[in-house]
Amino acid sequence: MNQLIWFRNDLRLNDQSALWHATQAGTTLALVIFSPEQWQRHDDAPIKIDFYLRQLAQLKDDLTALNIPLIVRTIPSWKDIPDELVKLVEYYKIENVYANVEVGINELERDHQAQKALHAIQKDLKLYQDKTLFTLGSIRNKSDAPYQVYTPFKKNCYELLNISLPQCFPQPEAQSDVPKIKADDSKLPSMTDLGYDEIDKKTQALWPVGEKAAHKRLEAFIKDKINHYHELRDYPAAEGTSCISPYLTIGLVSIRQCVQAIFAKHQGQFLLENKGQEVWLNELLWREFYQQLMFDFPKLSRHQPFQDQTKTIPWKDNDAHFEAWTQGQTGIPIVDAAMRQLKATGWMHNRVRMICAMFLTKNLLIDWRKGEQWFMQHLIDGDFAANNGGWQWSASTGTDAAPYFRIFNPVSQSEKFDPDGKFLREWLPELKHLDNTQIHEPYASKQISKLNYPKPIVDLKASRAEAIEVFKNN
């Protein structure tokens, strides 16, 4: 009997829990399922699908080197997956199916239905924890309840990491037997086959695929940047962040590998040498926090705010303002530069993500869910839990969120974190001739009367006061 490893957002050979367990159990085949209708419903960005496809082509070659054939299926909707799995299992004489847990409510239901269908024919879907450092649902406070505030959650994680760092699984060895599959079962679809436009080569080049490329990026960050991460991470013009998030999202690297990389010098002992390491570890734990929250609170997968009382906030339905925000035409340079960066590259620096999110939800008083959806539709690193958590933090609707009265002033943020206007000039060429003071708030200068750039669509001071009043009275 054969084993079947079902790849989802875990496209790697090294430290892949389900793959390791499958190959230890016997001769293994691999499976990937494309579900374009489901991706559309989940607002996955075309650039993310392209990244996934490019990595899958690389993974297919890597699996071939291990004598593991890859079966490819296109099943538009997840509801049809259980029946297809049963057919595959019976045709290829599969003993068990192996996969890694995913936290969204639709993903959990998909796996529940698949498990149910396999149990009916005396087979099993064996699920492993792979996307988080700690087993989902295992991090609990003294009342045995999920943490709802990050700081005590982080403290608990530190205590557990100090006891033992999560270990990585080795890459499986090549298997001696090569299972045969039908020739047409292994063909990978193109972007156009799946209903998407092709992504241009220049954009693709920003995000090379392959485990070697991913680890080269991680190693370079650990070697050259992590020690100064706390000093540079908030400056969008500086190359101070890891840019590992796209690779984490589709599982080209694991969260365990990232944590192990921090402590590699100390043979895996939990010993933080400096503030940069600590701050980057904390960012990884924020990601962990949001994954754990999404598992513990299913309402987060149902477009609900974490704080129930914020359900009644009277968000504005202003299509013109939302359109200006999406196109980088708000008249607020730091917001517009960031939104144009997103459209051009599929990525946005974390500091300006918060600025853009807070501007939409506070200054424009537009529902955070519209912004959350837009980001998912354009981000190469669009992770449902992390994106939802970030948006709810900015909108003051989530757990451990920014207090509603603490509202970023985008001009002050721009002056602080892009003082020389380097980031603004890169994405707003129509303002590049302005000096380092004017460029952050062009129309505030009496010397400027006309520009090929929109005037601010709202008054920052008045809109801030309105938002505070709305939240206070909600």
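Modeller: Buried here means under 20% relative accessible area, exposed over 50% and partly exposed in between, using a 1.4 Å probe and protein chains only. This is a predicted model, where local features need pLDDT of at least 70 and side-chain atom pairs count only at pLDDT 80 or more, while totals for chains, interfaces and linings use all residues. Residues are numbered from 1 along each chain as its sequence is written, and side-chain values use heavy atoms, leaving out hydrogens and water.

Colleague: Okay, is cysteine 258 buried or exposed?

Modeller: Cysteine 258 is buried, at a relative accessible area of 0%.

Colleague: And how many disulfides does the structure hold?

Modeller: The structure holds zero disulfides, a disulfide being a pair of cysteine sulfur atoms within 2.5 Å. For cysteine 258, the nearest cysteine sulfur is that of cysteine 168, 9.3 Å away.

Colleague: New topic: what does tryptophan 280 touch?

Modeller: Leaving aside residues up to four places away in sequence, Trp280 has contacts (heavy atoms within 4.5 Å) with residues including Leu218, Phe221, Tyr229 and Cys258.

Colleague: Last one, how do α15 and α17 cross?

Modeller: The axes of helix α15 (residues 350-363) and helix α17 (residues 384-395) come within 8 Å and cross at roughly 55°. Helices are DSSP runs of H or I, at least four residues long, numbered from the N terminus, and axes are lines fitted to C-alpha atoms over the stretch in contact, with angles from 0 to 180 degrees between N-to-C directions.

Note on methods: Helices (H or I, at least four residues) and strands (E, at least two) are DSSP runs, numbered from the N terminus.
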